[in-house]
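The following note is intended for a colleague who is meeting this structure for the first time.

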Amino acid sequence: MVHVVPADPQAVVAVKKKAQSSRSWVLLDSTGETTVLDVDKYAIMHRVNIHARDLRILDPLLSYPSTILGRDGAIVLNLEHIKAIITSEEVLLRDPSDENVVPVVEELKRRLPPMNAIQQGQDYTGGQNDVEGDEDESPFEFRALEVALESICSFLAARTLELETAAYPALDELTSQISSRNLDRVRKLKSAMTRLTARVQKVRDELEQLLDDDDDMADLYLSRKLAGTSPVSGSGAANWYLASPTIGSKISRASRASIATARGDENDVEELEMLLEAYFMQIDGTLNKLTTLREYIDDTEDYINIQLDNHRNQLIQLELFLSSGTVCLSIYSLVAAIFGMNIPYTWDTNHGYMFKWVVIVSGIFCATLFILIMSYARLKGLVGS
């Protein structure tokens with residue numbers, strides 16, 4: 001007979017919440033509008049045209065390192081809590097209800113200019129639109145990527161600042177007073193620093209690897225690849241496409257800049273390289289702060305070890321002092337034992353002064369022995385001067 005064990009209701013609710021959070025996405029298009037989606041992974045794969053292995057990188061239940069992947073029509077972004085898919089026209093963010101993701105969504109809504117504002121500006125300025133169009137030449141995917149990089153760098157920098165604020169006073173307190181409470185506090189801070197350093201190092205390594213490969217950076221130019229496959233990507237058609245006031249009023253300045261770039265060198269990655277270098281320097285500065293903190297912790301540990309060695313030497317000195325005194329007193333005890341035995345001695349008759357000389361000689365011998373022992377210990381470095 002098979003017994004069915006009822007499931008824990010709280011565990012079932014937790015699993016349901018995890019499943020619901022893993023299906024929740026927020027969509028931000030080029031107009032700045034947001035839409036919350038509750039779809040499965042197959043709908044996302046069909047929408048952005050990526051493989052299941054790429055989408056698996058964004059699974060919060062799986063542990064993948066920080067990754068920036070360029071695919072045919074999308075950028076797969078996995079940076080700490082920011083798990084996003086960026087296309088040339090929209091951004092998909094996972095778990096929009098997460099407290100760390102909400103500021104990223106707000107920043108994307110602010111940094112991605114609405115389309116109607118651009119159209120009004122183009123209609124109002126008329127012929128001056130070509131001059132103002134050069135002010136913002138970044139494609140849509142680069143603006144979204146910049147927001148993600150800025151958010152993750154700021155997030156890690158804030159965590160580093162919090163750790164520094166707590167660590168330096170704790171280390172100074174430990175050097176002034178070595179106690180179990182202070183040692184345990186520093187141990188926890190060191191563990192937190194090790195974990196944070198590993199997280200920062202992963203983001204830095206990913207940016208460095210991306211900067212070292214021009215082909216990987218070229219894969220992130222989604223608008224340029226899209227413009228290269230467009231029927232209007234020819235030289236004459238592209239000129240008409242940019243000069244047409246009707247079509248020019250319906251596309252963003254970033255798209256027109258991407259088409260202009262597509263007419264040039266397709267391997268030119270200078271714009272993206274400058275963007276990545278800026279945040280690489282920022283994340284590298286954060287890593288340097290953590291390295292400095294680690295060195296400070298190591299110096300504090302060395303200082304504490306020196307203090308403990310000093311206390312240990314003082315204990316050894318005390319132990320040696322007591323042992324030497326015990327040896328010297330044992331000689332007096334031997335003399336007292338000899339003279340205290342109830343045995344008749346022939347040499348003791350009419351020689352009462354003998355006891356005084358024995359006591360004096362024993363005292364001199366014990367003092368000399370004590371001085372020799374301490375001098376030998378000091379010569380070997382067992383005790384301080």
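**Notes on salt bridges and a hairpin**

1. The side chains of Glu80 and Arg199 form a salt bridge, with N and O 3.0 Å apart; the term denotes a side-chain nitrogen of Lys or Arg within 4 Å of a carboxyl oxygen of Asp or Glu. Glu80 belongs to the loop between strand 4 (75-79) and strand 5 (82-86) and Arg199 to helix 8 (residues 180-212), so the pair ties together parts 119 residues apart in sequence. Helices (H or I, at least four residues) and strands (E, at least two) are DSSP runs numbered from the N terminus.

2. The model is predicted: local features need pLDDT of at least 70, side-chain atom pairs count only at pLDDT 80 or more, and totals for chains, interfaces and linings use all residues. Residues are numbered from 1 along each chain as its sequence is written, and side-chain values use heavy atoms, leaving out hydrogens and water.

3. The count of salt bridges comes to 18. Within helix 8, Arg204 and Glu208 meet in one of 3.1 Å, N to O, and are four residues apart, about one helical turn. Arg204 is buried at 16% relative accessible area, whereas Glu208 is partly exposed at 31% (buried is under 20%, exposed over 50%, partly exposed in between; 1.4 Å probe, protein chains only).

4. A network of salt bridges links Glu107, Arg110, Arg111, Glu146 and Glu150.

5. Strand 1 (residues 24-29) and strand 2 (residues 34-38) pair in the antiparallel sense over five bridges, where pairing requires at least two bridges found by DSSP. Four residues separate the two strands of this hairpin, and Gly32 in the turn has a positive phi of about 90°.
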